[in-house]
Amino acid sequence: MSFIMAENQEKVMWPRLVSKKILGERLRSNNNFVADFPSNAESSSLLDISSLSPPSLSENNILNQCKHNFQNYKIFISTWNVGGIAPQDDLDIADWLDTPNNMCDIYVFGFQEIVPLRASYVLGSENSKISMKWNSLIREALNKKIQHCLEKQQYNNKLGRKQKTTEDEKAIFESSIPEGFRCVTSKQMVGISISVWIRSDLRPYVRHPRASCVGCGIMGYLGNKGSVSVRFQLHETSFCFVCSHLASGGREGDEKHRKSDVAEIFSRTSFPRGPSFDLPRKILDHDRVILLGDLNYRISLPEATTRLLVDRKEWNALLENDQLRMELMNGQVFEGWHEGLIKFAPTYKYCLNSNVYFGCVEGQKGGKWRAPAWCDRIIWYGEGLQQRLYTRGESNLSDHRPVKAIFTAQVQVSSTLKGLQKFFLSERFDQRTTKFDQMSSSDKFRCRGRSSF
């Protein structure tokens, strides 16, 4: 009798847990995220021209306000399904970032299954310990280059040497920034997590950071599948990064579920319009859009044929039957999207702690039987982005291999803002403010304007 009562009570509790989880995700998806800076910083950019003085309506000023220049920024994108396995404390991802040789301006890290996709994680409160651990490893790896350069400079100064410096080192020495990279946004929904890092000297030009979560999993709403999207504006250009984990399955017709997930993500992801109601609201409204994640698309060939072609490294023959490539060519939900040339082996599914694909070992038992596939992808939408690198890593932490890409992004910079930048960083500004400080001290009052600026 007690067993029947417990079973009935569990049936009653299940829908309550699900509805509570769905409502909770809807209410807080756009509001809470982790960052090195307060979330209300969007309204107080350090070089927000509109806050300095009222705009002049003279013809020359209007023409000057409308002039824009473009600057190129390097963006590093990484996606990795870590299979619910927490990173070890001594995991070094510096090689994956390649920071000593190839420093970028913006780093975007996407993870899937950052926690095991069990009911306690899907229905329970968010467990942020693992994402915090990943962020700690990322911070250490990104700023290792900064520390190395500073130590190198101190060592050369001690010995009285004049060492030739690279462009990256020169920028670091002149910046006097204690940390080279800071977290702008970090957001998690169950197992999907994304964090965005930016050079500290670019932080004053970042505005309106926001996050938006869309669950497409159980009952079409829970967060075991779906997306976490983040957006911000750098200078005058808006960016949106979408970290996704789409429906799994290698059977015929499963790709329709993935297509449905993408349509839901594009439809339901929403950002606030901002105080002036002029900010992009939907994903595709942004100037630069990149989608990354475990998209779970498979190869539409018999498993034996797929494995044979993988053994022969005939990537082109496999890609002709790749479901995502076919979706990109057909358009529909992916109309206007692009992907770089794939020249690396399929990233899924591997035996744990091994470089052997699952199912290739005789007598192997247990686990899901999956043919190799390029599940982990990075694609982009629209203009203004040029891919420089598209490759995979070889870490065997999980049954997926990480994938990374490097882009050059065009960013629109106001000519007025550019002029102010040069002035504030010039010797003329230092001379004027120093003179003003001296005048202020003689009048027996302390000027706090420059420090707050």
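The following exercises, with worked solutions, concern the predicted model shown above.

Residues are numbered from 1 along each chain as its sequence is written, and side-chain values use heavy atoms, with hydrogens and water left out. Because the model is predicted, local features need pLDDT of at least 70 and side-chain atom pairs count only at pLDDT 80 or more, while totals for chains, interfaces and linings use all residues.

**Exercise 1. Overall description**

Task: State how many helices and strands the protein chain has, and what percentage of its residues is buried.

Solution. 
Step 1. Helices (H or I, at least four residues) and strands (E, at least two) are DSSP runs, numbered from the N terminus. The protein chain has 13 helices and twelve strands.
Step 2. Buried means under 20% relative accessible area, exposed means over 50%, and partly exposed lies in between (1.4 Å probe, protein chains only). Of the 453 residues in the protein chain, 47% are buried.
Step 3. Accessible areas come from the Shrake-Rupley method with a 1.4 Å probe, and for residues only the protein chains shown count as cover. The protein chain exposes about 23800 Å², of which carbon and sulfur atoms supply 51%.
Step 4. Contact means heavy atoms within 4.5 Å. Among contacts between residues at least 6 apart in sequence, 73% join residues at least 24 apart.

**Exercise 2. Salt bridges**

Task: Determine which residue forms a salt bridge with aspartate 105, and what other salt bridges accompany this pair.

Solution. 
Step 1. A salt bridge is a side-chain nitrogen of Lys or Arg within 4 Å of a carboxyl oxygen of Asp or Glu. By this rule the count comes to 13.
Step 2. The partner of aspartate 105 is arginine 199, with the closest N and O atoms 2.2 Å apart. The pair links distant parts of the chain, 94 residues apart: aspartate 105 lies in the loop between helix H3 (94-97) and strand E2 (106-112), and arginine 199 in strand E4 (residues 192-199).
Step 3. Aspartate 105 counts as buried at 11% relative accessibility, whereas arginine 199 is partly exposed at 21%.
Step 4. Arginine 199 also forms a salt bridge with aspartate 201, the closest N and O atoms being 2.8 Å apart. Aspartate 201 is partly exposed, with a relative accessible area of 35%.
Step 5. Lysine 349 and aspartate 399 meet in a further salt bridge, at 3.9 Å from N to O. Lysine 349 lies in the loop between strand E9 (337-338) and strand E10 (376-381), and aspartate 399 in the loop between strand E11 (385-392) and strand E12 (403-414), so the pair ties together parts 50 residues apart in sequence. Lysine 349 is buried at 11%, and aspartate 399 is buried at 16%.
Step 6. A network of salt bridges links Asp322, Arg325, Glu339 and Arg377.

**Exercise 3. Helix H10**

Task: Identify which residue caps the N-terminal end of H10, and which elements cover the buried residues of H10.

Solution. 
Step 1. The cap is aspartate 322, a side-chain oxygen of which lies 3.2 Å from the backbone nitrogen of leucine 324.
Step 2. In helix H10 (residues 323-330), the buried residues include Gln323, Leu324, Arg325, Glu327 and Leu328. Their cover includes helix H7 (254-268), helix H9 (315-319), E9 and E10.
Step 3. Glycine 331 follows H10 and has a positive phi, near 80°.

**Exercise 4. Serine 78**

Task: Decide whether serine 78 is buried or exposed, and find which side chain makes a polar contact with the side chain of serine 78.

Solution. 
Step 1. Serine 78 is in strand E1 (residues 68-81) and is buried, with a relative accessible area of 5%.
Step 2. A polar contact is a pair of N or O atoms within 3.5 Å; within protein, one must be able to donate a hydrogen and the other to accept it, and residues adjacent in sequence count only if both atoms are side-chain atoms. The side chain of serine 78 makes such a contact with the side chain of tryptophan 96, at 3.0 Å.
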